[in-house]
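These are my notebook entries on one protein chain. I set down each item that I looked up, together with the rule behind it.

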Amino acid sequence: MKVGVLGAGTMGHGIAQVTAMAGHDVTLRDIEQEFVENGIESIEANLQGGVERDKVSEAEKDAALDRISGTTDLEAAVGDADLVVEAVPEKMEIKRETFEDVEAFASDDAIIASNTSSLSLTEIASALDDPTRAIGLHFFNPVHIMKLVEIVIPEQADRETVDFAAEFVEGIDKVGVEVNDSPGFASSRLGVALGVEAIRMVQEGVASPRDIDTAMELGYNHPMGPIELGDVVGLDVRLGILEHLREELGERFRPPQILRQKVRAGKLGKKTGEGFYVWEDGEIVGVSGESRTARQSGSEGVSGEMEDENR
């Protein structure tokens with residue numbers, strides 16, 4: 001199968017990697033050559049890490065990389081693709097424009113999928129002349145590790161499209177769950193509901209971010225607490241999903257003020273070095289708002305917890 005992946009960022013290059021490792025030919029496309037090169041370099045680094053941990057053989061790494069090509073040319077990426085998966089920014093207008101552009105170059109029988117985590121697949125699909133071939137394939141970060149893929153079914157999709165998506169997901173060694181198109185689907189809606197309540201608890205002084213996360217990790221066997229997960233996903237992403245769900249489902253998804261303040265301050269989590277936690281080299285070294293001394297004294301315990309959880 002030939003697969004075009006649009007967007008070489010965190011999700012896009014992850015989708016390209018697992019697809020190539022499953023034996024499919026992949027073209028990874030982004031709007032700038034630098035983005036494409038960075039995406040392919042990230043794939044190579046992930047695969048090399050797998051080799052060093054004896055999860056991937058050298059031959060498997062080389063074969064996967066041989067199946068991946070990069071381009072900035074949309075027609076080259078989708079013209080002969082059996083499946084196109086977009087992983088462009090999480091904005092409705094960009095998703096719809098991407099679908100329209102893909103349909104102009106893709107073959108009539110190509111399936112066009114969106115990796116959106118919360119936006120309406122029915123609305124995205126309506127940008128197509130033939131919306132029956134649209135589907136949602138919601139992957140989870142990091143894609144090469146996380147097993148779940150939500151197969152999101154828009155109002156217009158036919159059963160043939162859904163079955164194609166399910167077969168593809170199984171073929172790349174993921175577990176698919178079918179979800180009818182609704183705000184937040186299943187995973188984002190439930191995950192954000194837990195995350196927003198945890199943030200409210202921090203805002204109200206119920207407990208510290210560390211203690212809330214520890215309660216869920218040890219009390220409910222979550223591999224990562226909801227506050228830390230928000231930092232990893234990105235607080236701007238969390239805010240965007242909450243605002244969308246509030247508009248669609250009501251005030252129970254109203255974003256807490258502390259979350260808005262973090263985003264306004266540019267404290268978006270792991271990717272900016274600070275959110276509810278302070279991050280250095282991808283690891284937690286303290287809690288936002290603590291003094292430098294407190295961060296240093298607390299960093300050993302946090303690092304130990306993360307090692308114990310094998311994260």
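This is a predicted model: local features need pLDDT of at least 70, side-chain atom pairs count only at pLDDT 80 or more; totals for chains, interfaces and linings use all residues.

**Entry 1**

Residues are numbered from 1 along each chain as its sequence is written, and side-chain values use heavy atoms, with hydrogens and water left out.

I looked up Q17, which is found in helix 1 (residues 10–21); helices (H or I, at least four residues) and strands (E, at least two) are DSSP runs numbered from the N terminus. The side chain of Q17 makes a polar contact with the side chain of N46, at 3.3 Å. Contact alone means heavy atoms within 4.5 Å, and Q17 touches I43, N46, L47, I68 and H144, not counting residues up to four places away in sequence. Is Q17 buried or exposed? Its relative accessible area is 3%, so Q17 is buried; buried means under 20%, exposed over 50%, and partly exposed in between (1.4 Å probe, protein chains only).

**Entry 2: backbone exceptions**

I recalled that most residues other than glycine have a negative phi, and most peptide bonds are trans. A cis peptide bond joins N141 and P142, with omega about 0°. P142 is in the loop between strand 6 (134–139) and strand 7 (148–153).

D54 has a positive phi, near 60°. I found D54 in the loop between helix 2 (33–52) and helix 3 (58–66), exposed at a relative accessible area of 71%. Phi of N221 is near 60°. N221 belongs to the loop between helix 9 (209–219) and helix 10 (226–233) and is exposed at 68%.

**Entry 3: salt bridges**

I used this rule: a salt bridge is a side-chain nitrogen of Lys or Arg within 4 Å of a carboxyl oxygen of Asp or Glu. By this rule the count comes to 14 salt bridges. In one of them, E243 pairs with R260, the closest N and O atoms being 2.8 Å apart. This pair links distant parts of the chain, for E243 is in helix 11 (residues 235–249) and R260 is in helix 12 (residues 257–264), 17 residues apart. E243 is partly exposed at 36% relative accessibility, whereas R260 is buried at 18%.

I also noted E251 with R246, at 3.0 Å between the closest N and O atoms. E86, E90 and K95 are linked in a network of salt bridges.

**Entry 4: the two domains**

The domain assignment, which is automatic or from a database, gives domain 1 (2–180) and domain 2 (186–287). Their contact takes seven residues from domain 1 and five residues from domain 2.

How much area is buried between domain 1 and domain 2? I recorded about 510 Å², of which carbon and sulfur atoms give 51%; buried area is the accessible area (1.4 Å probe) that two parts lose on being put together, summed over both. In domain 1, S117, S118 and E150 lose the most area to domain 2, together 61% of what that side buries. Between the domains I found zero salt bridges and four residue pairs in polar contact, both residues at pLDDT 80 or more.

How values were computed:
A polar contact is a pair of N or O atoms within 3.5 Å; within protein, one must be able to donate a hydrogen and the other to accept it, and residues adjacent in sequence count only if both atoms are side-chain atoms.
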